[in-house]
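Good morning. Please have the sequence and the model open while I talk.

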Amino acid sequence: MALKFYNTLTREKEDFSPIDPKEVRMYTCGPTVYNYPHIGNYRAYIFADTAKRVLLYEGYEVKHIMNLTDVDDKTIRDSQKEGKSLKEFTEFYTEEFFKDIKSLNILTPTKFTKATDYIDEMVNIIKKLLEKGLAYKSEDGSIYFDIGKDKEYGKLVRLEKKITVTSECALENPEKRFGRIKSDEYEKDNIQDFALWKAWDENDGDVFWETELGKGRPGWHIECSAMSMSNLGESLDIHTGGIDNMFPHHENEIAQSEGATGKQFVKYWMHNEWVLVDQKKMSKSAKNFYTLRDLTDKNINPIAYRFWLLMANYRTRVNFVWDALEGAEVALKRLFRLYKDLGNDIGTVNVKYQQKFKEYLEDDLDTPRALTILWDVFKDENMSNADKKATVLDLDKVLGLGFENIKEEETPEKVLKLVKEREDARINKDFKKSDELRDKIKSLGYEVKDSSDGYKIEKI
Ligand code: AMP
Ligand code: ZN
């Protein structure tokens, strides 16, 4: 079976075929570093990581760029509130983000790009759009994208009809434009010309750049066009993000990028669905969110969250409840225990299971079915422990649950000493003493199991 991804642009599952067969070029909209991301946000990064791991598993090289939005309305607003420079403020949350993705076992992208390092590239795209008449300067010096001039505007979220009607008006009368919106975030029923460059005003304080476009700062959408195209070329294979990024962010990215280059910007758009709480989207603004710190405060391993998400397809909504997460952690601990019991030898990967696993994932990342293979391997009575171990490690290249970090725990010296004493008592047929020692060992959390070829120490 060929690898298939659901492409939001075409609303179809399509065979995956990269533009350059040697290397897949992938871009993920990263966090706005103004706060701790909530666990809903992490679904977007775990999903992108899974897609990337599947590509690597299929043998592709992957160049993966993830941006860090370190200048926008929110970062400016909140850095001012805390009386910190934009840099100091965003660097703090960037470091916290790095720690979080490590704890979720998310592979480090080929490169993280900070928006503030790409101002020149943004200016260049905006200049091209001005030259082509696709953008204009407003009275205050801000620059807007003229969506009335873009016949394809709305193709990602399917707004064709509305735009065609209005753009005809705009063509008849070039001065008749859509309204303008300076804010980065707005709803679909509020389609307007959006800001590429925001002229400085006093709310921006000391956050501005003096450029050929004037004194100001970029809009949020242009940041991603500049960072993706500078690193991955004018046409990329995969662009990921949460479904709420489709509009206006990704629609605007397409408009700007394709407007500037005349080429298709992204071949496969992939979006994850929401994490809900009480059936409502988890979000900062609704104040119904949890962070990874809430998990660790309850002694829940962040990997249990990853595991829980893998139990659902990335395109289905999932409702977060603590019970479900705790259940996932119990199951995960059981898997880790089973893995520990496999011993130290690593044998050969079972190709039959590997094939089935791959087949499920090739169907638009069907992780729930892929997970069943993991359980099947542990349950298989005809496989050696060593081969099971090799197969689990192989599957984990995609699942990212971190089996390779699980080491056989060392039995404490104290317990070993008691076990030795018990062994001596048994040899001397002092069964009373040997039973007493067994109880003592048990009170320390260990059990000695006798067998025909000696004994085994197990943690209870
Ligand atoms: P933001 O920092 O707001 O741009 O969000 C970062 C990523 O998280 C984006 O890809 C969003 O689409 C995604 N996202 C935000 N809220 C949720 C949610 N409740 N469930 C899943 N993904 C989300
Ligand atoms: Zn983006």
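Let me start with a definition: a residue is buried under 20% relative accessible area, exposed over 50%, and partly exposed in between, with a 1.4 Å probe and protein chains only. This is a predicted model, where local features need pLDDT of at least 70, side-chain atom pairs count only at pLDDT 80 or more, and totals for chains, interfaces and linings use all residues. Residues are numbered from 1 along each chain as its sequence is written, and side-chain values use heavy atoms, with hydrogens and water left out.

Phe-112, at 22% relative accessibility, is therefore partly exposed. Phe-98 has 26%, so Phe-98 counts as partly exposed too. Phe-97, at 1%, is buried.

Now the rings. Rings of Phe, Tyr and Trp (its six-membered ring) pair if their centres lie within 6.5 Å; planes under 30 degrees apart are stacked, over 60 edge-to-face, and the rest tilted. The structure holds 29 such aromatic pairs. In one of them, Phe-97 and Phe-112 have centres 6.4 Å apart and planes at 80°, so that pair is edge-to-face. Phe-97 sits in helix H3 and Phe-112 in strand S5, 15 residues apart; helices (H or I, at least four residues) and strands (E, at least two) are DSSP runs, numbered from the N terminus. Phe-98 also pairs with Phe-112, and this pair is tilted, with 4.7 Å between centres and 40° between planes.

Which residues do ring pairs link into a cluster? They are Tyr-42, Tyr-45, Phe-97, Phe-98 and Phe-112.

Last, charges over rings, meaning NZ of Lys or CZ of Arg within 6 Å of the ring centre and within 35 degrees of the ring normal. Arg-180 lies over Tyr-144 at 5.6 Å from the ring centre, and Lys-215 over Trp-200 at 4.3 Å.

How values were computed. Chains lettered and ligands numbered in written order.
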